Amino acid sequence: MRKVLAASAILAVAAGSAFATNGDNMIGVTPASEAMGGLGVGMPIGSIDSIFRNPAWMNTEKGFTVSFGGILFMPDVKGRVNMGGNDSGYVSSRANFFTVPEIGITNRINDKVVVGIAAYGVSGMGVDYRDKHQNLSNMHTTLQFMRIIPAISYQINPNLSVGVGIDLAWGSLDMGATLCTNIMNPATCWNAGGGQSSSYGIGAQIGIGYQMGDLTVGFNYQSPVSMKYKHVFDSNGNGSFEDLKLQQPQEVAVGIGYKVMPNLKVGLDLRWINWSDADGYKQFKWKDQTVIAVGGEYQVNPSLKLRAGYNYAKSPIRSYSGLSGGSNNIPNFAQSFPDYNVQWFNLIGFPAITEHHISLGGSYQFTKNFAVDLAYVHAFEKKVESSGQYCDQVNHCIPSTVGAKNAQNEVGIALRWSF
């Protein structure tokens, strides 16, 4: 236990930015999980992965494990706005390279109890259209969300274990754009961005793991985490920057794993993400997601494991036509936004629309105590477009189309020591 407490002081420095894939959530938080499509609920992938996906599986730990790693995230995001025939075409965002850290420690206390603590950059997104086409309004955004999770797992009997974790969350949000009271008069435009704002929140999770021979099943519930970012946006041009409530949603996940043969195991996880009831996301009309993750691991020899996976979830931001009117009261914003304006913010500022992901990776055990995990994930390009009337504050409305394209590549590596 002393090893865990001493090493946990390091975790405060692990923060980063991501451009995530299931909505604004990473499909996985360590290379081992990511290489298998984000698995970890229904079968143990590793004790460090389990802290986030299902803390019950920490009981697979035999001693003390520490892992340091990170992900290089390379999104290819494009935005388009056609206002009354003035078409920007698809313009590339400059925000195309991010780093996402992760660190985790687990330690077996006795035959029944394993404790752990981990820090992950788990959610985020960002675009940068400054000095691009005027229709993109100099939009630039950055959302970062990190969880530090102390967790404990208890072995009830040889087949059944339970785990709980406390999610200590840190988030940072920056929203900036050039908005206009009267879109016909440039003199009425203002810079709506209030700069970077950070916030803290707390949540919890509980997991259950059951193993019977070569079959494993698991369940995990993750509570919502409420955040309030202060003075981030001036929605009506009065010079006062408003707060934004943004709640990371609750998640419910189940999974199953099976050892097909001594050197091959496969798994399937299903996860429900409740965007439609989370503050901020529900006002921006995000839909709930059901995430399907499948993957497998093949033990080539005592040192080498190969992994592959697939992950799918329908975009929480959908295509619409004929958008107009509507009244969406964003928490703490000074004015409500019509439906089209909300979709404009989604697709230009926060285009979390990717759906299909494939992943590859593996691990190599260099010594009895040291191993390296690697992963590569590709998210295929997804396009979402919506049309309607873009309206300013004095009810000038212009027929408009807004669209986004998003494709992603990422490479992850983790160095793991076990004793």
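**Exercise 1. Find how far apart in sequence the contacting residues of the protein chain lie, then describe its overall build.**

Solution. 
Step 1. Take the contacts in the protein chain between residues at least 6 apart in sequence; 69% of these join residues at least 24 apart. The model is a predicted one.
Step 2. Count the secondary structure: the protein chain has 4 helices and 20 strands.
Step 3. Check the radius of gyration. A compact globule of 419 residues would have one near 22 Å, and the protein chain agrees because its value is 22 Å.
Step 4. Box the C-alpha atoms along the principal axes. The box is roughly 70 × 35 × 30 Å.
Step 5. The protein chain exposes about 16100 Å², with 58% supplied by carbon and sulfur atoms. Buried residues account for 55% of the 419 residues.

**Exercise 2. Identify the residues with the most contacts inside the largest nonpolar core.**

Solution. 
Step 1. Look at the largest nonpolar core here. It holds 63 residues, and Trp 344 and Phe 345 have the most contacts inside it.
Step 2. List partners of Trp 344, leaving aside neighbours within four places in sequence. Among them are Val 81, Leu 136, Met 139, Leu 179, Tyr 390 and Val 402. Asn 135, Ser 137 and Gly 349 are also in contact with Trp 344.

**Exercise 3. Decide whether Thr 106 is buried or exposed, and trace its side-chain polar contacts.**

Solution. 
Step 1. Locate Thr 106: it sits in strand E4, residues 98-108.
Step 2. Apply the cut-off. Buried means under 20% relative accessible area. Thr 106 has 0%, so it counts as buried.
Step 3. Find the polar partners. The Thr 106 side chain makes a polar contact of 3.1 Å with the side chain of Ser 47. Another, of 3.2 Å, joins it to the side chain of Glu 61.
Step 4. Look along the chain. Ile 117 is 11 residues from Thr 106, and their C-alpha atoms are separated by 6.6 Å.

Terms used. Residues are numbered from 1 along each chain as its sequence is written. This is a predicted model: local features need pLDDT of at least 70, side-chain atom pairs count only at pLDDT 80 or more; totals for chains, interfaces and linings use all residues. Side-chain values use heavy atoms; hydrogens and water are left out. A nonpolar core is a set of buried Ala, Val, Leu, Ile, Met, Phe, Trp, Tyr and Cys residues joined through side-chain atoms within 4.5 Å. Buried means under 20% relative accessible area, exposed over 50%, partly exposed in between (1.4 Å probe, protein chains only). Contact means heavy atoms within 4.5 Å. Helices (H or I, at least four residues) and strands (E, at least two) are DSSP runs, numbered from the N terminus. A polar contact is a pair of N or O atoms within 3.5 Å; within protein, one must be able to donate a hydrogen and the other to accept it, and residues adjacent in sequence count only if both atoms are side-chain atoms. The radius of gyration is taken over C-alpha atoms; the globule rule is 2.2 Å times the number of residues to the power 0.38. Accessible areas come from the Shrake-Rupley method with a 1.4 Å probe; for residues, only the protein chains shown count as cover.
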